Amino acid sequence: RKSGLLEYMTLSSLPTKQKDETKRGMSCSTLLNQSLQLGFAKKWTSVSLRPRTSTSCTCQERSTLEPKKKRDRESRGEKNRSVTEDKSLISRSRISQQDSLPPLVGALKASAEKNAASFHFPGHNRGRAAPSSLTQLIGFRPFIHDLPELPELDNLFSPEGPILEAQMQAAKLFGSSETWFLVGGTTCGIQAAIMATCSPGEHIVLPRNSHISAISAMVLSGAIPKYIMPVYDCKWDIAGGVTPSQVGKAIKELEMDGKKPAAVFITSPTYHGICSNLSEISQLCHAYGIPVIVDEAHGAHLGFHPQMPHSALKQRADVVVQSTHKVLCSLTQSSMLHMSGNIVDRDRICRCLQTLQSTSPSYLLLASLDAARAQLGENPGTVFNKALELAIEASTLIKKIPGISLLDLASFNEFPAIDPLRLTLGFWSLGLSGYEADDILDRDHGVISELVGTQSITFAINLGTCREHNQRLVSGLKKLPTSSSHSKTTEKRVESREHAPFNDICISLNPRDAFFANKRRVSIRESLGKVCGELICPYPPGIPVMIPGEIITERALNYLLDVRRKGAVVTGASDSHLSSIVICDV
């Protein structure tokens, strides 16, 4: 029975030519070996399509050398077994193997293994015409599985099969009422969330340091911003989150003008891992009937360990967008949008996603989301045990290194938590900027960070972090004091940051009107009093000084020139030297 089962399983998965060769002489052991090589092993990610030739030969030789009588007895025994029983066992086994894979991963695997005459896109035709320069780098397997929306692979915009099943399993794991897979990153999800809640002319409350996707969402939706200036720490030169009292104040200010926000948008956690009190913010907003959208790009892992901060969904946010590819393990550019409650219209979200997402989604990205969900779902309460252990170990050792500071809630005591997997370190006591320390760690120790600022570096611990890399990081940090010369400019560098970004903003045009307005370039001094036509944001702290549609003030210009002179990278400006600025010609 076992021999017949293995033969059926293997032959059913092989192309016709291989089936014929297999029938002509391959032994049961060889078939088992090839079935594992073709992907029937439980650990699907470690499978190779190439059979191990040496092992196959050995198995064939053993079969040939077996005594004839023994083979005859086995053959007679097989013939006497019930055919009905064999078919039942085969059927149960095939179902079990398919069930062992995540639904979309399994569907993609089955589709790629078809012996198909392909007359469809993409042009590399299941890898047959894949560019050699790329196959030398990543092999053929990604091309073999790079398939279009074939019937068996479902439709992203109206899923009824494996995509629907994968999204439903993700919703169950993350605790949402519905989940959508995104192939346009969290950018696409944020745009859809704001478009689904805000109509042209309606207001949205959001932090001034929101991701640029929130600004582009206001262009797409026609929403009008009501900005909140995030809490800022000048010593670290880092912007934190926003507090419930700030949100309440913004809502009341709009209320006094006879307006009500259509949505409140919050970034939590921030890039540095600072988490806002979403429970109180959600409670406050829901009392007004206002939906809460959370940019949780950096927090898809939250809530999956007792020592982790609670997730946004757990804190009753209505729409949450997560970058599954950041701390979790899907491919870059793949994200998820989760909805909870009944304040937001789910059909409107669907329409917005259909407007924004590609009609040719990558099934590699979609399958990676399904696989990442399955990986997390295997042991949701313990999967981050090792990562947390390494983070705590690194933090403990780093705190003992003289001259290096570790960001904690003492600097942002208005907030309930900081992600323990984000380690943000300051180097001002060593007379080093974040950029200088980062250069030394990269050049001398091969340590690559996630985020660099004027005063700090942020390191991200994740499921793939290993102890050897942890040790290399700590070893490199211990050698930093000898790589720098402590100077008297240290305190001056700290003092130079003791002016928080200002919030006296005057909006002349909403982002949508400013985007479509005619533009022209003028010198920086000539721009004074004009309407800004481009988003200009120094990083750090990552808070835009000018957003299209705002009046350019002398204070804004002086601040921009000052922070640029002190080492900040100015993003968004078409003239990186800031000798000129694009303005709206109105």
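Helix H11 is mostly covered: 12 of its 13 residues are buried. Among them are Cys188, Ile190, Gln191 and Met195. The model is predicted.

Now to the charged side chains. Side chains of opposite charge can pair when their charged atoms come close. The structure holds 13 salt bridges. Here are some of them.

| Salt bridge | N to O distance |
|---|---|
| Arg346 with Asp347 | 2.8 Å |
| Glu393 with Arg467 | 2.9 Å |
| Asp585 with Arg520 | 3.3 Å |

What does the pair of Glu393 and Arg467 tie together? Glu393 lies in helix H17 (residues 385-398), and Arg467 lies in helix H19 (residues 467-478), so the pair links parts that are 74 residues apart in sequence. Glu393 has 26% relative accessibility, so it counts as partly exposed. Arg467, at 33%, is also partly exposed.

Asp585 is partly exposed, with a relative accessible area of 41%. For Arg520 the value is 35%, so this residue is partly exposed.

Which residues do salt bridges with shared partners join into one network? They are Glu178, Arg346 and Asp347. Arg346 is partly exposed at 32% relative accessibility. Asp347 is partly exposed at 38%.

Definitions and conventions. Residues numbered from 1 in each chain as written. Predicted model: local features only at pLDDT ≥ 70, side-chain atom pairs only at ≥ 80, totals over all residues. Heavy atoms only, no water. Buried < 20%, exposed > 50% of the residue type's maximum accessible area, 1.4 Å probe, protein only. Helix = DSSP H or I, 4+ residues; strand = E, 2+ residues; numbered from the N terminus. Salt bridge = Lys/Arg side-chain N within 4 Å of Asp/Glu carboxyl O.
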